[in-house]
Amino acid sequence: DTAVSQTPKYLVTQMGNDKSIKCEQNLGHDTMYWYKQDSKKFLKIMFSYNNKELIINETVPNRFSPKSPDKAHLNLHINSLELGDSAVYFCASSRQATNEKLFFGSGTQLSVL
Amino acid sequence: DAKTTQPPSMDCAEGRAANLPCNHSTISGNEYVYWYRQIHSQGPQYIIHGLKNNETNEMASLIITEDRKSSTLILPHATLRDTAVYYCIVRGYNTDKLIFGTGTRLQVFP
């Protein structure tokens, strides 16, 4: 059983479209994250939710809107996609927000054409 | 969180120990040293973490110097599957962010 699962694994879309990436964790963790890995392989945190509440928002454009319907799910919706949004997006979870190891999903490769 | 410095790449022969260094000279007293790795096309994977004592688990050993300004991750018997980018991260106890640097690309060869 996959601990942190993301769908889809690959997403190819046109500029200007709106798309969503879904993430689910079955570890019973309270905290979930979205990270972005760009073409230079830098991994940067975007958002963090703890028990469905936003606790980190790292100067991400407001075209990106995370949604956490419950603490096992953290979805990422992106409006008006731009070429620069092309990257691999990783979801992660941890038992609590501080000083805990993170478990990552396998990533969603987003290509904006 | 303190910054870390790692060599960009290292090689290791299969079956030998891989020793990956990390410098964190500005680490403060309540900051932990974490190690993660990312195998090609996969999500990062937690390896080990420590505060000041040496730590060992089923994956690796972490040796932290007495002044805590540097550490070494040891993979005792490297295999081809250990080829990955290894990230050394310093994280405050009450910090909710894990900030990745550029890491060390470890290539294990037959």
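Chain B and chain A bury about 1,700 Å² between them, and carbon and sulfur atoms give 53% of that area. The model is predicted.

Two strands of chain B, E3 (31–38) and E8 (84–92), each supply at least two residues of the side that touches chain A. E3(B) gives the largest share of that side, with 4 residues. By residue class, the side of chain B that touches chain A divides into 9 nonpolar, 7 polar and 3 charged residues.

Next, the contacts across the interface. On the chain B side, 19 residues are in contact, and they meet 21 residues of chain A. How many salt bridges does the rule find across the interface of chain B and chain A? It finds 0. Polar contacts are another matter. Between chain B and chain A, 3 residue pairs are in polar contact, counting pairs with both residues at pLDDT 80 or more.

Now turn to chain A itself. Here strand E7 (residues 64–70) pairs with strand E8 (residues 73–78). The sense is antiparallel, and the pairing runs over 5 bridges. What joins E7(A) to E8(A)? A hairpin does, through 2 residues. One bridge can be picked out by residue: A:Phe64 has A:Ile78, in E8(A), as its bridge partner. When viewing strands, remember a general point: in a regular strand the side chains alternate between the two faces of the sheet.

Definitions and conventions. Residues numbered from 1 in each chain as written. Chains lettered and ligands numbered in written order. Predicted model: local features only at pLDDT ≥ 70, side-chain atom pairs only at ≥ 80, totals over all residues. Heavy atoms only, no water. Pairing = 2+ DSSP bridges. Contact = heavy atoms within 4.5 Å. Buried area = accessible area lost by both parts, 1.4 Å probe. Salt bridge = Lys/Arg side-chain N within 4 Å of Asp/Glu carboxyl O. Polar contact = N/O pair within 3.5 Å; in protein donor to acceptor, adjacent residues only side chain to side chain. Nonpolar A, V, L, I, M, F, W, Y, C, P; charged D, E, K, R; others polar.
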